[in-house]
Amino acid sequence: MFKKFTKEDIHSRSNIKSSVQRGLKSNLIQEYPGLEAVVDVIIPKKSQLVLHKCEDKIALYSIDDNVVIYQQQDEVLPFLKIVHKYPSCFQTVQVDRGAIKFVLSGANIMCPGLTSKGAKLPQENLPKGTIVIINAEGKENALAIGKLVMSTDEIKSINKGIGIELIHYLGDGLWNLSLD
Amino acid sequence: MSEVGIESGQVEILAPKEVIYCGVCSFPPEYCEFGGSFKKCKEWLQKNNLELFEKLYSDEALAHATSSLSIEKEEKISADLQKKQKKEEAKQEREMAKVLSSKVLIKRIERTKRKHVIAVSGLEVFNVDMKKLAKTFASKFATGASVTKNAEKKEEIIIQGDVGDAVEKYLTGLLQEKGLTDIKVEQIDEKMKKKKAEPVKPE
Ligand SMILES: [Zn+2]
């Protein structure tokens, strides 16, 4: 989603209404229930979210020129630095060490990279479409965010093809974006 | 995974995890090994966070690093990474050499018998917005200045009036300010008669 994203893809910049800000926060909690306790820390009540409308119907929301969340269609997603601060608030998968360089070059994640010895999937099934944060073998912090193309049970049983569509990763256009 | 973001009683707020970001490549330092600037990243971390540096790169840490991959696969990864890093370093060196060998050219062009304009090229080294620089010139020399593209499709700034010496003085000072004393500033007349070709003397 942000592989080739640059400043030139941003079309407009505007302050959003507090009612819209509240709506976004409730969407965020709905998608990531773990964030309920910290959503007012991530987006303080008195802060002003700035909307940056971009190419491909992508919307970025920032506070003090730092991207906090972004949206494509209805899905609200967290910026990776927010994930790094509150990793336990999100569903997590782990890729093996061999997959790291592919993820960092923006490739979707293949099932075998999620089922090999160095990889980890949660015990309970996560349905198709779930937003997951992607950790890596031997690493502490997430390197990407993606969306399950099939359920985690299917990833385990089919073990072929793309398992996760990559959305945002370390070093992509969003990570490197400076808004000031 | 099993951790819940709320502590007992649902009142206490989860404290954010402090993550350090590399001052060179911007990644959390544990991912520096996958970037193109690993050597510089390591130097930065050693200088700025020795504790994390030891945690990642001490002999002990390296010996304990676990990987599910076979030795052959691990060797392939590190060979690929080294290749990438060498390439990146070579590229940076080339760019550096290019910057150092570049020069700022101040060309005096005769428009009519009495009127001259000054075309300044090679300003990329300043790494500033050309339009802004043209504005600065215009107000500094109380004249008009605009950005155009020259025959080599490079941007240059055209300044109205015979202000070559003043431009040279100003740019030389600016280069010194930025520590770019290796870059030469040269003035030429369009008739190709060299007026001045003095290199900037580093102080
Ligand atoms: Zn680094």
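# Exercises on a two-chain predicted model

In this model, 34 residues of chain A are in contact with 26 residues of chain B, where contact means heavy atoms within 4.5 Å. This is a predicted model, in which local features need pLDDT of at least 70, side-chain atom pairs count only at pLDDT 80 or more, and totals for chains, interfaces and linings use all residues. Residues are numbered from 1 along each chain as its sequence is written, chains are lettered from A and ligands numbered from 1 in the order in which they are written, and side-chain values use heavy atoms, with hydrogens and water left out.

## Exercise 1: where the chains meet

Work out how much area chain A and chain B bury between them, and how many salt bridges the two chains share.

*Solution.* 

Step 1. Start with the area: the two chains bury about 2600 Å² between them, and 58% of that is on carbon and sulfur atoms. Buried area is the accessible area (1.4 Å probe) that two parts lose on being put together, summed over both.

Step 2. Now count the charged pairs: there are five salt bridges between chain A and chain B. A salt bridge is a side-chain nitrogen of Lys or Arg within 4 Å of a carboxyl oxygen of Asp or Glu.

Step 3. Look at B:E33 and A:K139, whose closest N and O atoms are 2.5 Å apart in a salt bridge. B:E33 sits in the segment before α1 of chain B and A:K139 in the loop between β8 (131–136) and β9 of chain A, so this pair joins two chains. Helices (H or I, at least four residues) and strands (E, at least two) are DSSP runs, numbered from the N terminus.

Step 4. B:E33 counts as buried at 17% relative accessibility, and A:K139 counts as buried at 15%. The cut-offs are under 20% relative accessible area for buried, over 50% for exposed, and partly exposed in between (1.4 Å probe, protein chains only).

## Exercise 2: two sides of a helix

Find which residues of helix α5 (residues 130–140) of chain B are buried, and what covers them.

*Solution.* 

Step 1. Pick out the buried ones: B:M130, B:L133, B:A134, B:F137 and B:A138.

Step 2. Go around the axis. These residues cover an arc of only 140°, which puts them on the same side of α5(B); the arc is that of the directions from the helix axis to the C-beta atoms.

Step 3. See what lies over the buried residues: the cover includes β3 (145–149), β4 (155–160) and α6 (164–177) of chain B.

Step 4. Just after α5(B), have a look at B:A142, with its positive phi of about 45°. Most residues other than glycine have a negative phi. B:A142 is exposed, with a relative accessible area of 72%.

## Exercise 3: bridges inside chain A

Find where A:D40 and A:K25 lie, and which residues their salt-bridge network links.

*Solution.* 

Step 1. The side chains of A:D40 and A:K25 meet in a salt bridge (2.9 Å, N to O). A:D40 is in helix α2 (residues 39–42) and A:K25 in helix α1 (residues 18–31) of chain A, so the pair ties together parts 15 residues apart in sequence.

Step 2. Finish with the network, which links A:K25, A:D40 and A:K45.
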